[in-house]
Amino acid sequence: MSNPSDTFDLADSADLAELAPLAEPAELIDLSMNESPYAPLPSVQAVVEKAVAQLHRYPPHTAAGLVTALAQRLDAPAEEILVGPGSAGLCQNLIQSLGPQRRQVVYPELSFEAYPLMVFNTGSQPVPVPLTGYAHDLDAMAAAVTEDTRCVLVCNPNNPTGDVLRTEQLAAFLDRIPSEVLVIIDEAYREYVTDPEAADGLALRQGRDNVCVLRTFSKAYGLATLRVGYALAPAAVAQRARMTGLVFYPGGLGQVAATASLRPEVDQELLTRCAANAEARTRLAESLRALGLPVAPSQTNFLWAPIGAEAENLAARCRAAGILVRPYPGLGVRITIGSAEANERLLAVASAG
Ligand SMILES: Cc1ncc(COP(=O)(O)O)c(C=O)c1O
């Protein structure tokens, strides 16, 4: 999991002013959390500001407005849509809702660091399957499925390696998984994907009754602090997850912000931001490679530098220069694509190494 000091912790926020001296220096650049470098869109911010006047109210408990907006946008029946406290919260909710009869969860490793925690929190058994290079080893994952498999997690594109599975690969994999085993495709970074051959979980779930797709408003939509994710799941799976999910999530501000983010006039801005991310991704990757660092191809808003034993050293040098990146000791460093200025500062540190 990420270093707690890298995250903004609201737990002790009784008096934020008092805490201010403990906060990181204002100029610290955080490229460790795969956040959007953009401030919220003014139109979305305005809706949230207005909703602040309703903080004393519970949010609509079925999130009907947001679910309806998603159903229209995704052309999917509302009963197949789940919304919840981030896609990570929904993922744990889904694993739990499948029940204890089958105990094992198959997932890729190296992948999203929260998966092992979700497995632990749901009382299930971890079945991590090592990557092959930067990619899921789909053959090994299919072979790891047994009569005790509760579900399979697929992270596409994969965090932290940035690799994306192609349509044919993922379709062939799904066809090998028994229909009673749910495959949860985590597409937290989907909006950043530019490869036309990349698998699209929403298309692949058509005609398959055991596929669930997770997406989020945290990344490209830039609403990470509001904790809103959504899932498209078979209706029966969604229904069970609603029964076991936490109540009143997402909160009211999250519901209105996410709903406002789905308005057609926001689309162009989202596309512009994702296109800028893709350009910056190419530029930063090429510049780092030119400095002699290995950098994996990425379809996300971050880069993976598999520098092994040098990981902690590079992260420490970045930290000393006021930049947080995410080291994976002995493996590599994950670097979020930041603003133009942040990327330049990162390159300056890397070139001084
Ligand atoms: C693969 C993956 N899934 C899910 C999440 C969490 O997203 P959310 O903020 O929607 O819970 C992350 C966040 O880093 C992620 O990398």
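These legends describe close-up views of a predicted model.

Residues are numbered from 1 along each chain as its sequence is written. In this predicted model, local features need pLDDT of at least 70, side-chain atom pairs count only at pLDDT 80 or more, and totals for chains, interfaces and linings use all residues, while side-chain values use heavy atoms, without hydrogens and water.

**View 1**
In domain 1, Glu-265, Leu-270 and Gln-299 lose the most area to domain 2.

**View 2. A salt bridge across the interface.**
Across the interface of domain 1 and domain 2 the rule finds 4 salt bridges. Each is a side-chain nitrogen of Lys or Arg within 4 Å of a carboxyl oxygen of Asp or Glu. The side chains of Glu-113 and Arg-326 form a salt bridge at 2.9 Å, N to O.

**View 3. Gln-299 and its surroundings.**
Gln-299 is buried, at 14% relative accessible area (buried means under 20%, with a 1.4 Å probe and protein chains only). A polar atom of its side chain lies 2.8 Å from the backbone nitrogen of Asp-195. Leaving aside neighbours within four places in sequence, Gln-299 is in contact (heavy atoms within 4.5 Å) with residues including Pro-157, Tyr-189 and Arg-281.

Definitions and conventions
Buried < 20%, exposed > 50% of the residue type's maximum accessible area, 1.4 Å probe, protein only. Polar contact = N/O pair within 3.5 Å; in protein donor to acceptor, adjacent residues only side chain to side chain. Buried area = accessible area lost by both parts, 1.4 Å probe.
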